[in-house]
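The tour below goes from one selection to the next and says what is found at each stop.

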Amino acid sequence: DISSSNISTEPKTKKKRIGMLTSGGDSPGMNAAVRAVVRVAISRGCDVYAIYEGYEGLVNGGDMIKKFGWADVRGYLAIGGTLIGSARCKAFREREGRLNSAYNMVKNGIDALIVCGGDGSLTGADVLRSEWPGLLDELIKEGRITAEEAAPYKHLTVVGLVGSIDNDMSSTDITIGAVSSLHRICEAVDSISATALSHSRAFVIEVMGRNCGWLALMAAVSTGADFVFIPERPPASDDWESEMCEILKKHRKLGKRKTIVIVAEGAIDKNLKPIKADYIKELLSNRMKLDTRVTTLGHTQRGGKPCSFDRNLATLQGVEAVHAVLRATSDTPSPMIGVRQNKITCEPLMKAVELTRQVAEAISRKDFRRAMELRDPEFSEDYAAYIETTIVNDETLSKNKCLRIGIIHIGAPAGGMNPATRAVVRYSLNHGHTPVAIYNGFDGLLQDNLRELSWLDVDGWAAKGGSELGTHKIIVSDLDIGMIAYQLQKHRINSLLLIGGFEAYSSLVELNNYNNQYPAFCIPMVCLPATISNNVPGTDFSLGSDTSLNAIVESCDAIKQSASASRRRVFVVEVQGGQSGYLAVLAGLAVGATNVYTPEEGVSLKKLQLDINHLIRRYGEDKQGTSSGRLVLRNECASETYTTDVIANIFKSEGRGLFDSRTSVLGHIQQGGAPSPTDRIRATRLAVRCVKFLEQYTSHPSSSEKVVFPSIYTNTKDSAAVIGIDGAQVIFTPVADLLSETDMKYRKGKKAWWINIKELVEILSKWGYYEIEPELN
Ligand code: ATP
């Protein structure tokens with residue numbers, strides 16, 4: 001879900017002949033990267049060559065280097081691993097191997113190389129580039145190529161894409177494949193949790209990651225595991241065994257029936273001694289007398305089908321890689337395409353590799369603070385949030401209560417509502433507050449439907465979809481505002497967290513508007529956006545939007561399969577989102593839709609005509625009858641006139657026998673089942689920040705004071721805010737300031753960072769290719 005820029009406004013440059021390879025361990029999304037590189041390169045007038053089996057193909061040449069056309073990458077988006085193969089190639093590590101590579105590249109006319117792989121693969125590419133002039137001289141000397149042949153290839157352009165499930169590369173927040181791998185891990189841990197709960201067992205689960213604990217930590221946050229071991233942050237104590245057992249015993253004492261410990265394969269203690277799953281099992285069996293099993297997830301973690309995020313990340317980075325090739329000059333260092341704060345970046349490749357190596361060095365020097373610093377900016381915060389929401393802090397549990405935090409879910413259910421509530425409850429209890437659930441929205445408040453939540457009440461909520469508190473579309477302005485004030489006062493709610501979509505936001509606006517009339521609203525209040533539509537102002541992402549994208553992508557893959565089996569069929573798929581085209585556009589990119597209809601752009605006869613022309617041309621091109629099915633995604637509010645049925649009917653009657661059309665309205669499936677790992681992680685981080693925000697408005701009682709229930713009074717502008725994600729930053733914007741950014745009529749924020757991505761959907765489906773560059777056809 002990354003904003004892209006300059007998709008079609010890049011200057012045209014001379015034709016390049018780009019070689020593309022995938023190398024090292026495979027990761028989900030590599031195929032999406034290949035597809036994007038191939039298609040964008042072709043639409044920019046370049047030739048693209050797939051190099052099979054990583055550097056093996058480059059060293060061996062022959063039929064391992066194949067020119068790719070538009071249709072060669074058809075269907076690539078949804079497939080895991082890498083279809084052009086990957087290998088660990090010994091020969092390429094030797095100069096002789098690289099000499100052969102140079103020969104094969106010159107013979108095929110390749111003057112640029114895009115490599116998708118880990119730090120080893122990217123280093124290899126840079127070594128080739130630095131040796132390039134010398135390799136050419138040697139080839140000429142040996143008489144394998146002539147000086148004339150070599151002349152056009154003076155400079156080699158190299159661009160790196162980071163494909164790695166470990167998320168172990170510095171200078172980028174996330175690598176291609178890591179999130180899909182996390183999806184598989186979470187599915188596995190969720191399944192194991194069910195059996196652990198049934199038999200009251202303990203499980204020690206080993207996940208991948210040699211020098212990098214990203215997968216282990218994020219899996220622990222996402223699944224609510226009881227303990228985690230990561231290489232960057234070994235247990236502080238020499239007797240960590242007893243410490244761990246104490247914590248796990250405490251959890252059992254509180255009533256937990258299952259114990260889950262996650263161990264990264266590279267986990268170590270503070271003296272660098274490896275911590276292995278079997279050893280932990282022994283501890284749990286012998287010291288705690290728990291029936292304990294070890295599960296090593298192994299290669300299932302390679303990920304399989306890429307999730308929506310990886311497809312889009314790889315696509316946007318693939319596009320940028322082609323642009324980087326076209327921009328490159330002989331004296332710019334080889335770039336690595338990364339992503340920082342939701343923006344695609346271009347960093348010097350070797351600097352990133354160097355920083356990555358420093359992590360392993362820092363760990364070997366036992367400089368764990370440095371190792372944590374070298375990770376992406378969210379890593380340390382996620383670790384802290386994990387500890388604060390997992391480990392019971394007895395000292396504060398019994399302390400005087402400071403805040404009585406009302407938690408309310410408003411609007412439609414969205415993935416992440418429960419994980420957020422769990423995190424608020426756990427963190428609050430650890431800080432001496434009282435979390436109070438307000439069931440069934442504001443209606444429930446009026447009916448005294450409130451209950452204090454305990455540590456155990458929310459156990460298991462990390463993985464639960466929907467809303468355990470019950471959510472309601474009724475908003476404050478539908479109800480008696482005086483009664484709401486009365487009820488908040490009656491239940492001594494002195495801080496409020498509203499989790500929900502636009503209804504939650506507008507309710508907060510309303511409560512804030514009335515704070516000069518009702519002192520009950522002069523309390524800190526925060527809205528945590530949670531809606532699949534991602535239409536709340538003040539944030540780039542709302543909870544639930546990632547879960548929903550994955551649900552849509554999964555459904556669309558199935559629909560596309562059906563459409564492809566029927567050969568010439570175009571599905572018009574209706575997706576939700578209200579007046580926001582976010583889901584349609586981002587899902588359109590992830591499933592390879594032919595086009596997308598959004599409320600932002602609307603639908604017109606002219607546009608439909610262009611789409612029909614395009615479909616006729618595409619199906620007309622297909623002479624072998626192997627044409628694939630195609631999808632057009634239509635947001636539910638894109639047009640009042642051109643409904644999903646109308647569009648499908650128009651397609652059908654205009655298809656001239658070349659294609660027919662069907663509709664599919666995805667409906668509530670789009671809320672998703674279990675929340676996606678991304679939504680769970682965001683929920684945890686943001687929920688902790690929300691409580692910290694509320695805490696700012698209370699003065700902590702001194703330890704000598706007995707029962708303290710501070711009557712908090714605040715009516716400053718800042719004390720009623722929306723929490724948001726702005727790139728990698730978490731921000732709080734006062735609701736009063738957000739009004740100017742809000743389109744109240746269409747119930748959404750005025751900014752839509754993702755809007756340009758629609759153009760990329762068109763380019764990658766060849767729609768833009770015809771429209772933008774007809775002479776290339
Ligand atoms: P992963 O993160 O999955 O380990 P990686 O890209 O780091 O991926 P490596 O096995 O280190 O995986 O590297 C893949 C291939 O890249 C090697 O088999 C080799 O062909 C090439 N390579 C790696 N390092 C170098 C190097 N220093 N010089 C030349 N080639 C290299």
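Start by selecting β6 and β9: five bridges join these two strands, which run parallel. Strands here are DSSP runs of E with at least two residues, helices are runs of H or I with at least four residues, and both are numbered from the N terminus. Two strands count as paired if DSSP finds at least two bridges between them. This is a predicted model, in which local features need pLDDT of at least 70 and side-chain atom pairs count only at pLDDT 80 or more, while totals for chains, interfaces and linings use all residues. Residues are numbered from 1 along each chain as its sequence is written.

**The sheet**

On β8, the bridge partner of A202 is T259. Now show β6 (residues 202–207) together with β8 (residues 259–264): six bridges join these parallel strands. Further along this pair, I205 has I262 as its bridge partner in β8.

Go back to β6 and colour by burial. A residue is buried if 20 or more other C-beta atoms lie within 10 Å of its own, exposed if 12 or fewer, and partly exposed in between, with C-beta atoms placed from the backbone. Six of the six residues of β6 are buried, so this strand is largely enclosed by the rest of the structure. A202, V204 and E206 are buried on one side, and F203, I205 and V207 are buried on the other. In a regular strand the side chains alternate between the two faces of the sheet.

Contact means that the C-beta atoms of two residues, placed from the backbone, lie within 7 Å.

**The annotated positions**

Where does D166 lie? D166 is in the loop between β5 (157–162) and α7 (178–199). An unreviewed UniProt entry lists D166 under "active site"; UniProt positions follow the numbering used here, feature names are shortened, and annotations may be inferred rather than shown by experiment. D166 is buried, with 24 other C-beta atoms within 10 Å. Leaving aside neighbours within four places in sequence, the contacts of D166 are A178, M208, G209, C212, W214 and L215.

Now select G25, R88, C89, G118, D119, G120 and S121, which the unreviewed UniProt entry lists under "binding site". They span 97 residues in sequence, yet no two of their C-alpha atoms are more than 14.2 Å apart, so they gather at one spot.

Zoom in on G118, in the loop between β4 (112–117) and α5 (119–141). G118 is buried, with 22 other C-beta atoms within 10 Å. Not counting residues up to four places away in sequence, G118 touches G24, G25 and S164.

Step on to D119, which lies in helix α5. D119 is also buried, with 23 other C-beta atoms within 10 Å. Beyond its neighbours within four places in sequence, D119 is in contact with M169, V353 and T356.
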